[in-house]
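Please open the model in a viewer and keep the selection panel at hand.

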Amino acid sequence: SASRGTVKPSLNFNATTDAEVLYKAMKGLGTNEDAILELLTARSNAQRQDIKIAYKTLFGKDLVDNLKGELGGKFETLIVALMTPPIAYDVTSLRNAIKGAGTDEKVLVEILASRTPQQVKEIVAAYRKEYDDDLEEDISGDTSGHFKRLLVILLQANRQQGIQQETIETDAQVLFKAGEQKFGTDEQTFVTILGNRSAEHLKKVFDAYMKLSGYEMEESIKRETSGSLEDLLLAVVKCARSVPAYFAETLYYAMKGAGTDDNTLIRVMVSRSEIDMLDIRADFRRMFACSLFSMIKGDTGGDFRKALLLLCGGDDA
């Protein structure tokens, strides 16, 4: 499938030349941030890994360490994220979410609800290799209740394939009985069905549920659950409907209101830049009264803004 990313591999790519450009940009007095951000946002992640190797070969230094030494703040965080291979970036994000002070549930929700089963399997394997720890055990030790149960189901990455025509109606009915029709909520039913069915199947279930109950699945979840479980169930439902729309909304709320959630902004812009940023932009424009480009422009500043706008790849005014 053709990539829907805004960042594409550079066609006449030369890792050695790029490594020299970056070295010059950091050598001597002052750092040429523009040269760094323009080059790195115009290369694919795989090409950035080649540049890292060429840099070490030419100068005997670690490119990421040098970048960290020259840059600072949010801009540094963004550039280091761009230099990290995608699975390793997810692994680091999850590790920091669990091992920091308190648990950053938002990161667990966003990554585990949106990644493909194949990506989740790779994340689990890479996490074990990197930290010699079991991701499921670490997450289980840090979370509780139905929120924990659904995360564990998502970590199994064993969703059914395709549409089970014969269970669409029953799934909808079981969900209806577990929520709207019941005094109190049977959360386990929501966890099991939403965690184990394919996205294509769930879309059909949501339609059947709407006909049956008169409610969108999201409305029922908001009324029947709360806290982290509600956030995770909503993310799973939204990702089943459309992953780009889920990320458009995530970006909007990262910037809306007072203060910006820079970490979410960086994580989404970097991790989706080569996958579906064009679709995220289109959904953003459709769902909100402005373009993603204009919102980033109004909400950020300096080199951080320049780099984000390059990853955004254009305005949909």
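The model is predicted, so local features need pLDDT of at least 70 and side-chain atom pairs count only at pLDDT 80 or more, while totals for chains, interfaces and linings use all residues. Residues are numbered from 1 along each chain as its sequence is written, and side-chain values use heavy atoms, with hydrogens and water left out.

N45 has a relative accessible area of 9% and is therefore buried (buried is under 20% relative accessible area, exposed over 50%, partly exposed in between, with a 1.4 Å probe and protein chains only). Leaving aside neighbours within four places in sequence, display L82, T84, P85, P86 and E274, which are in contact with N45; contact means heavy atoms within 4.5 Å.

Next, select N196 in helix α12 (residues 187-196). N196 counts as partly exposed, at 24% relative accessibility. Not counting residues up to four places away in sequence, N196 touches I153, R159 and Q160. Show N158 as well: its C-alpha atom is separated by 6.9 Å from that of N196, although the two residues are 38 apart along the chain.

**An enclosed helix and the core**

Move to helix α17 (residues 262-272), which is largely enclosed by the rest of the structure because ten of its eleven residues are buried. Among the buried residues are D262, R267 and M269.

Centre the view on M269. Outside the four places on either side in sequence, M269 touches L251, M277, L292, I296, L308, L311 and C312. Which residues touch the most other members of the largest nonpolar core? Of its 99 residues, they are L67, L194, L232, M269 and L292; a nonpolar core is a set of buried Ala, Val, Leu, Ile, Met, Phe, Trp, Tyr and Cys residues joined through side-chain atoms within 4.5 Å. Helix α15 (residues 227-241) gives the most to this core, with nine residues.

**A helix pair**

Finally, select helix α16 (residues 243-255) and helix α19 (residues 292-299), whose axes come within 10 Å and cross at roughly 25 degrees. Axes are lines fitted to C-alpha atoms, for helices over the stretch in contact, with angles from 0 to 180 degrees between N-to-C directions. The contact is made by L251, Y252 and M255 of α16 and L292, M295, I296 and D299 of α19.

Conventions. Helix = DSSP H or I, 4+ residues; strand = E, 2+ residues; numbered from the N terminus.
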